[in-house]
Amino acid sequence: MRILLVDDEVELTDPLSRVLKREGYEVDVADEGQSGHQLAMQSDYDLLILDWMLPHQSGLELCQHLRSQGKTTPVLFLTAKDTLDDRVMGLDAGADDYLVKPFELRELLARVRALLRRSTATETNAPVRLRVASLELDVENQLAYRNGRLIELSEKETQLLDYFMRHSGQLLTHGEIYQQLWQDEEQPSSNVLAALVRLLRRKIEAPGEAPFIHTVYGKGYRFGEGC
């Protein structure tokens with residue numbers, strides 16, 4: 001299980017990260033909001049533990065932004081803000097639990113275990129999500145995410161991206177792709193696949209971003225960031 005701890009109090013993060021690692025968790029630490037946000041978007045975590053008051057971007061803003069981008073990773077707030085209004089605000093922002101500082105370590109670990117159990121149970125019925133480097137695909141909802149961008153896809157674009165991501169790094173011939181995408185349909189003309197690839201490239205490869213879809217001339221395509 002991977003946990004991201006975002007807090008600017010070194011006297012808290014150092015001992016807490018050591019305890020979590022002793023419990024068997026893999027722990028990354030960020031000491032301000034922007035770097036925490038970047039890590040949360042680029043990596044798959046099973047739990048985020050966020051301080052409310054952070055430099056550059058508050059934990060509340062970080063949580064709100066992640067939820068707006070479709071991230072469903074459980075969030076536990078650790079904060080000195082202890083009023084009822086604060087708790088309501090935190091939960092409304094998308095947090096799953098809220099623990100006021102100072103706290104008992106046993107209670108924190110119990111809440112971490114509970115959130116991770118809940119997350120594992122939810123994932124059993126969750127939509128299929130694929131990830132290759134900075135790109136994530138929600139197959140069921142025909143949505144992709146890259147560097148904080150939400151990308152809406154057509155049904156055929158989703159099918160093509162799904163096939164590419166499941167075979168990342170492999171050479172996929174034109175024939176293999178046609179068979180996969182149009183197996184129960186009449187095979188379209190040869191330029192239909194090229195047009196579909198162009199449309200998908202425009203959506204998942206914004207200016208300045210590394211390309212994912214690489215043409216192997218005369219044969220087909222290879223998918224991967226920078227390959």
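## Notebook: a walk from helix α6

I started with helix α6, residues 155-166: its 12 residues reach 17 Å from the first C-alpha to the last, close to the 16 Å expected at 1.5 Å a residue. The expected span is 1.5 Å times one less than the number of residues in the helix. For the labels, helices (H or I, at least four residues) and strands (E, at least two) are DSSP runs, numbered from the N terminus.

Before going on, I noted that this is a predicted model, where local features need pLDDT of at least 70, side-chain atom pairs count only at pLDDT 80 or more, and totals for chains, interfaces and linings use all residues. Residues are numbered from 1 along each chain as its sequence is written, and side-chain values use heavy atoms, with hydrogens and water left out.

I looked up which residues of α6 are buried, and got Glu157, Thr158, Leu160, Leu161, Asp162, Tyr163, Phe164 and Met165. Buried means under 20% relative accessible area, exposed over 50%, and partly exposed in between (1.4 Å probe, protein chains only).

I picked out Leu161, which sits in α6 and has a relative accessible area of 0%. Leaving aside neighbours within four places in sequence, I found Leu161 in contact (heavy atoms within 4.5 Å) with Leu135, Leu137, Ala144, Leu153, Leu200, Ile204 and Phe223. I also checked Leu130, 31 residues away along the chain: its C-alpha is 9.7 Å from that of Leu161.

Next I looked at α6 against helix α8, residues 190-204: their axes come within 10 Å and cross at roughly 80°. That makes α6 roughly perpendicular to α8. On the α6 side the contact is made by Lys156, Glu157, Leu160, Leu161 and Phe164, and on the α8 side by Leu196, Val197, Leu199, Leu200, Lys203 and Ile204. For the angle, axes are lines fitted to C-alpha atoms, for helices over the stretch in contact, and angles run from 0 to 180 degrees between N-to-C directions. Under 35 degrees counts as roughly parallel, over 145 as roughly antiparallel, 65 to 115 as roughly perpendicular and the rest as oblique.

**Entry: salt bridges**

How many salt bridges does a search of the whole structure find? I got 18, with a salt bridge being a side-chain nitrogen of Lys or Arg within 4 Å of a carboxyl oxygen of Asp or Glu. Side chains of opposite charge can pair when their charged atoms come close.

I looked up three of these pairs. Glu26 and Arg2 meet at 3.6 Å, N to O. Glu26 lies in strand β2 (residues 26-30) and Arg2 in strand β1 (residues 2-6), so this pair ties together parts 24 residues apart in sequence. Both ends are partly exposed, Glu26 at 46% and Arg2 at 24%.

Asp96 and Arg67 meet at 3.0 Å, N to O. Here Asp96 is in the loop between α4 (84-92) and β5 (97-100) while Arg67 is in helix α3 (residues 59-68), so the pair ties together parts 29 residues apart in sequence. I have Asp96 as partly exposed at 31%, and Arg67 as partly exposed at 24%.

Asp138 pairs with Arg129, the closest N and O atoms being 3.6 Å apart. Asp138 is buried at 2%, whereas Arg129 is partly exposed at 33%. I then followed that pair into a salt-bridge network that links Asp44, Lys71, Arg129, Arg131, Glu136 and Asp138.

**Entry: Asp7**

Is Asp7 buried or exposed? I found Asp7 in the loop between β1 and α1 (10-22), and at 2% relative accessibility it counts as buried. Its side chain makes a polar contact with the side chain of Lys101 at 2.9 Å. A polar contact is a pair of N or O atoms within 3.5 Å; within protein, one must be able to donate a hydrogen and the other to accept it, and residues adjacent in sequence count only if both atoms are side-chain atoms. Beyond four places in sequence, Asp7 is in contact with Leu12, Thr13, Ala30, Asp31, Asp51, Leu54 and Lys101.

Most residues other than glycine have a negative phi, and most peptide bonds are trans. I noted a cis peptide bond joining Lys101 and Pro102, with omega about -10°; Pro102 lies in the loop between β5 and α5 (105-124).

Ala133 has a positive phi of about 50° without being a glycine. I placed Ala133 in the loop between β6 (129-132) and β7 (135-138), partly exposed at 42%. Asn147 has a positive phi of about 50° too, and is not a glycine. I found Asn147 in the loop between β8 (143-146) and β9 (149-152), partly exposed at 48%.
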